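Me: I would like to learn how to read the features of a structure one by one. Please give the general idea for each, then the case at hand.

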Amino acid sequence: MQNFWNCNMDLTISALWMALALFFITTVLTKIANGRITYDPVCTLPPPPEVRGIALLRLLPTLCTKGPEATMHDLYNKFGSIFTVSFIWKRITFLVGREASVIFFQGLESEVAQGDINEFTVPMFGQEIGFAVDYNTRMEQTRFLVESLRPAQLRSYVDPMLQEVEKYFAKWGEEGVVDLKHEFEELLMLISSRCLVGKEVREKMFGQFCKLFHEIEEGVNFASFMFPYIPIPVNRRRDRARIKLTEILSEVVRSRKSFKRVEEDVLQRFIDSTYKDGRATTIEEVSGMILALIFAGKHTSATTSTWTGACLLSHENFLDAALEEQKCIIGKYNDKIDYRILSEMGTLHNCIKEAARMHPALPTLVRQVKKNIIVRGKEGNEYAIPKGNILVNLVMVNGMLPHIYKDPEVFDPDRFRPGREEDKAGGKFSYTSFGGGRHACGGEAYAYMQIKIIFSHMLRNFELKLISSFPKPDWTKFMPEPKGKLMVSYKRFQLPSN
């Protein structure tokens, strides 16, 4: 009976999250939008199927009994790949599948934009970067990020990552029980401070840096999303933390320039970056870009690592396959790991990719329609989407489409093996766990690399067993993550080679 009530409480909270999310999104966009929406009288195409009024209220039982993810699946099955939910006087159009996703991922900034929806990030990272600056400047800053994470640069991050991983797991005993979710969060912050910020922060002020960064992370909540600048305690702490972190990073930059010291980290690459007009990056810009990069990477990597651990330890056949791969690599290269060797870990790569398909770190992506657009769905129907609508790409549904993925509810990393490759067979935008098109995740390769390094070390040095239940998504979080702890028992051992 107790389990019954716990289960229903989880579902009720999930339903509440979705209802609140819809309410907050529409409320925020009310202050963004310019009046009521009007359809283009010239366009003869119909609008998408619409859920409103009584039909919207009828969703509540499904939300309460099944949760938000199942509700979106039900709406997709009923209305197709494009449908609109009307809430008060705002319209939110949901897109599912590769056909409907084309305009979302490839549309011009003049058609669909992230824009003011991300205004809450401005006080987190400063007025000099991201959504606080004009589009052209933001695209150049994106170029700096992409260039800092190219393969040539990624190779230089392997050794520092390995050192952090080996040092971290050396603290574990011969056997014990840990919350793997907490362990991943802490380890990934150590890796970020070393590879992104640099050894000055990692060696001398890591504790202070983490404490301040956590206060910035607390700025991601519904209140701050709605009112980014309201002087509530959490926003005050966020603002003070950003100022102090900027001071810390500024001192590091000045020290490097004074002593003409050059390091192999992303901070250095941002320092050395220049805009197309020849202007160098400022200290404030460098600090903001570093904070934004850590924020984006830490959440997605920690969430994906936790889901990967839960899935692997719940599927013995694929855990054995990952272990067998490590045995082969040890037999071929001994204990050596470098960028090229990591690229040979295809089985582990597919396990991570499959976990991200089933449990994407960002289950939805949001854009605002800047001018009237036309969207074509899988069914071949074309619909007119008016300026002012909100577009939501349902990443969590994209990865579970049975016409793309065979038995999508089953954890099956082999679906990505050569010769099968269901995502490629399905066509462009069939796999969207790392975004796509003009707004694809620039840190995807970096994320895979650090997660592979962590799991390859764990598989080689520990027998692992999941002792808690398989987690559910925590929809009460502004950015959903696995709910609760992921308790794992471990025992040291040495994986033999083949």
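This is a predicted model: local features need pLDDT of at least 70, side-chain atom pairs count only at pLDDT 80 or more; totals for chains, interfaces and linings use all residues.

Me: Which residues of H3 are buried?

Reply: Helix H3 spans residues 59-66, and its buried residues are Leu59, Thr62 and Leu63. These residues cover an arc of only 100° around the axis, so they lie on the same side of H3. The general idea is that an α-helix has 3.6 residues a turn, so residues three or four places apart point the same way.

Me: Which residues other than glycine have a positive phi?

Reply: Lys260 is one of them, with a phi of about 50°. Glu421 also has a positive phi, near 35°, and is not a glycine.

Me: Where are Lys260 and Glu421 found?

Reply: Lys260 sits in the loop between helix H14 (233-258) and helix H15 (266-272). Its relative accessible area is 75%, so Lys260 is exposed. Glu421 lies in the loop between helix H20 (395-398) and helix H21 (422-426). At 25% relative accessibility, Glu421 counts as partly exposed.

Me: Now the sheet. In what order do the strands stand?

Reply: Strands of a sheet pair through backbone hydrogen bonds, either parallel or antiparallel. Here six strands form an open sheet, in the order E1-E2-E3-E9-E6-E4, and the pairing is mixed. The edges are strand E1 (50-51) and strand E4 (112-113); each has a single partner strand, so one side of each is left without a neighbour in the sheet.

Me: How many bridges join E4 to strand E6, and do they run parallel or antiparallel?

Reply: Two bridges join E4 to E6 (residues 365-369), and the strands run antiparallel. For Val112, the bridge partner in E6 is Val369.

Me: Which helix lies across E1, E2 and E3?

Reply: Helix H4 (residues 68-79) lies across E1, strand E2 (82-87) and strand E3 (90-95). The direction of H4 is at about 120° to E2.

Me: Next, salt bridges. How many are there?

Reply: The rule asks for a side-chain nitrogen of Lys or Arg within 4 Å of a carboxyl oxygen of Asp or Glu. By this rule the count is 31 salt bridges. One of them joins Arg91 to Glu50, with the closest N and O atoms 3.6 Å apart. That pair links distant parts of the chain, Arg91 in strand E3 and Glu50 in strand E1, 41 residues apart.

Me: Why does Arg91 count as buried, and why does Glu50 count as partly exposed?

Reply: Buried means under 20% relative accessible area, exposed means over 50%, and partly exposed is in between. Arg91 has 15% relative accessibility, so Arg91 counts as buried. Glu50 has 26%, so Glu50 counts as partly exposed.

Me: How do Asp338 and Lys336 meet?

Reply: Their side chains form a salt bridge at 3.7 Å, N to O. Asp338, at 21% relative accessibility, counts as partly exposed, and so does Lys336 at 48%.

Me: Are Arg415 and Glu422 buried or exposed?

Reply: Both are buried. Arg415 forms a salt bridge with Glu422, the closest N and O atoms being 2.7 Å apart. Arg415 and Glu422 also belong to a network of salt bridges that links them with Glu354, Arg357, Asp412 and Arg420.

How values were computed:
Residues are numbered from 1 along each chain as its sequence is written. Side-chain values use heavy atoms; hydrogens and water are left out. Two strands pair if DSSP finds at least two bridges between them. Helices (H or I, at least four residues) and strands (E, at least two) are DSSP runs, numbered from the N terminus. Contact means heavy atoms within 4.5 Å. Axes are lines fitted to C-alpha atoms, for helices over the stretch in contact, and angles run from 0 to 180 degrees between N-to-C directions. Buried means under 20% relative accessible area, exposed over 50%, partly exposed in between (1.4 Å probe, protein chains only). The arc is that of the directions from the helix axis to the C-beta atoms.
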